[in-house]
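This report is meant for a reader who is meeting the structure for the first time.

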Amino acid sequence: MTTGTPDVSATDRRESRSPRSRGAALAILASFSLMYFADICLRASAKYFWFDELLTIYICRLPSLRAVYHATLLGVDYNPPLLHILTRLAQAPFGEGLIASRMPSIVALWLLCVCLFAVVSKRLGPAAGSVAMLLPLLSSARFYAYEARPTGIVLGLAGLAALAWQRRAESRYRKAWLGLFGVSLLGAFLAHCYAIALLFPFGCAEAFRCWRTRRLDRPLWALMGCAVLVAVPFYVPLWRSFEHHVGAGFFPPGLGSLQPFYTTLLAPAMLALVACLAAFAVDRAATLKGARAAVPGAEMVLALGFLILPAAGLLLAMAIHGPFIGRYWFPAILGVCLAAGYASGGRTKWIAPALAGVLTILLMGDFARLVRHRLAGAGEALVEPNTLLPMNTTPGKPLQAYEALWANTAGDAPIVVTDGLEFAFLANYVTPQTRSRLYYLMGDDSDTVGGLLRNLGMCCRIGYNFAYAQDFARATPHFYVYGRLGEPLEALLHAGSPATHIQLRGVLGDRAVMEISP
């Protein structure tokens, strides 16, 4: 077996296109970029920070990167440092804000889309590239385009790594593309610990290429190994901290996790995927038998590797007894988009432009609906894809959904909140006077959110109030309780004296407001 990069045909070696094709690609990218940033920034401007994002925001307020890293080791967050470094850099010119703090993710998902366009259009033209470029914005991946967490960053860097990997094989600037591949992969590893699973699709694709060409690209394999060696020293202390503060019961992996994952990722894009499938069927019916494939086999393997990345991630999570949370494996969207782009670029020339047009209409219709709602003062109907937690998106009114809570908790008596995610949100947006009334009802040792809040309060000096059922009920004769009926709430209600009076004051969706008095 020899070493080096594989030989490619003269057609595949071409680095330039015709002026018309280049002009079309630039026009498509410019139009897409304009639409993308207008849409995502408008959405970000009214999506208020929720629990996960507040972890990022509070940690980035610490005075130094050393303090940031120290906080992650004390159980406040379990991500490597790149997320916080990029967020602090983004906040440096404009300060903390709904758009500025999310700018790393906003730019990263744009980068993913552009890289998908570049990868597919190199093989099949701008129309097929547009199909791959638009699909992420019709899937649940769009949520993480304006989320101050590492998911969007990992997606963008995975897309950049895929582009660099493709161009490395056939460009005159192989060393430059190799360096970009290594930087992208390492950046993803330093944004999220589970991003190390990106080795699976790239390893499969490179192994296939090695088998087909009988040539081993040693520099590329060495670079992947070096990226792992650099990342592991960050992973080990973070993993020890996770085991100490959280443990194996947090989102445990199981075989039943895969189907909900794909449903979560692709449900918003179902209409677009049906259109892609129909286009593929029409093209296959019109394609002559024995037609030569326009896409190299290694790139098809890369797409397949991304598609089944969640299965590899499930095995990894089971092996290390780690959590399996759907958003950790959202790089699988690269496989969906690459496959759809390749399928649309068949021998029936009108398929790809027509499909790209359909996807554009869907996106423009969604954007028009967003603008119409914004002009009417209404927020975006938005839930976090994995937890299905509703986001607060009413422009200028982060607490509008809680007006009934304040109306039913008059006075200055404490308000005990049983949901940690809501408690963190309320504590961040209410006035200081109201914040002093808020208490989080701590559960037992398995209360992961409570542990995070406690560690966050200590490291970032946030004045959270905590209520422990037995002690609080005995020491506080009059207070309000807000939350779902369940074990923590029932424990608090039964902790008081038998003479305690419990009155239902109001109902907010599936949550109740109760007054506890002597």
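## A buried ring and its partners

In this predicted model, F306 has a relative accessible area of 0%, and because buried means under 20%, F306 counts as buried. The residue belongs to helix α14, which covers residues 297-307.

Which residue forms an aromatic pair with F306? The partner is F202, and the pair they form is edge-to-face, with 5.6 Å from centre to centre and 85° between the planes. This pair links distant parts of the chain, since F202 lies in helix α10 and F306 in helix α14, 104 residues apart.

F202 is also buried, with a relative accessible area of 0%, and its ring takes part in a further pair, with F181. The centres of the rings of F181 and F202 lie 5.2 Å apart and their planes stand at 80°, so this pair is edge-to-face. F181 in turn is buried, its relative accessible area being 0%.

The two pairs can be set side by side as follows.

| Ring pair | Centre to centre | Angle of planes | Arrangement |
|---|---|---|---|
| F181 and F202 | 5.2 Å | 80° | edge-to-face |
| F202 and F306 | 5.6 Å | 85° | edge-to-face |

A search of the whole structure finds 28 aromatic pairs. Elsewhere, ring pairs link F143, Y144, Y146, F261, Y262 and F330 into a cluster.

## The chain as a whole

Along the principal axes, the C-alpha trace spans about 85 × 50 × 45 Å.

Of the 518 residues, 54% count as buried, and among contacts between residues at least 6 apart in sequence, 77% join residues at least 24 apart. The accessible surface of the protein chain comes to about 22900 Å², and 64% of that area belongs to carbon and sulfur atoms. As for charge, the chain carries 44 positive and 30 negative side chains, and the centres of these two sets lie 14 Å apart.

How values were computed. Residues numbered from 1 in each chain as written. Predicted model: local features only at pLDDT ≥ 70, side-chain atom pairs only at ≥ 80, totals over all residues. Heavy atoms only, no water. Buried < 20%, exposed > 50% of the residue type's maximum accessible area, 1.4 Å probe, protein only. Contact = heavy atoms within 4.5 Å. Areas by Shrake-Rupley, 256 points an atom, 1.4 Å probe, with all protein chains shown as cover. Lys, Arg positive; Asp, Glu negative; His and termini not counted. Charge placed at Lys NZ, Arg CZ, Asp CG, Glu CD. Phe/Tyr/Trp six-rings, centres within 6.5 Å; stacked < 30°, edge-to-face > 60°. Helix = DSSP H or I, 4+ residues; strand = E, 2+ residues; numbered from the N terminus.
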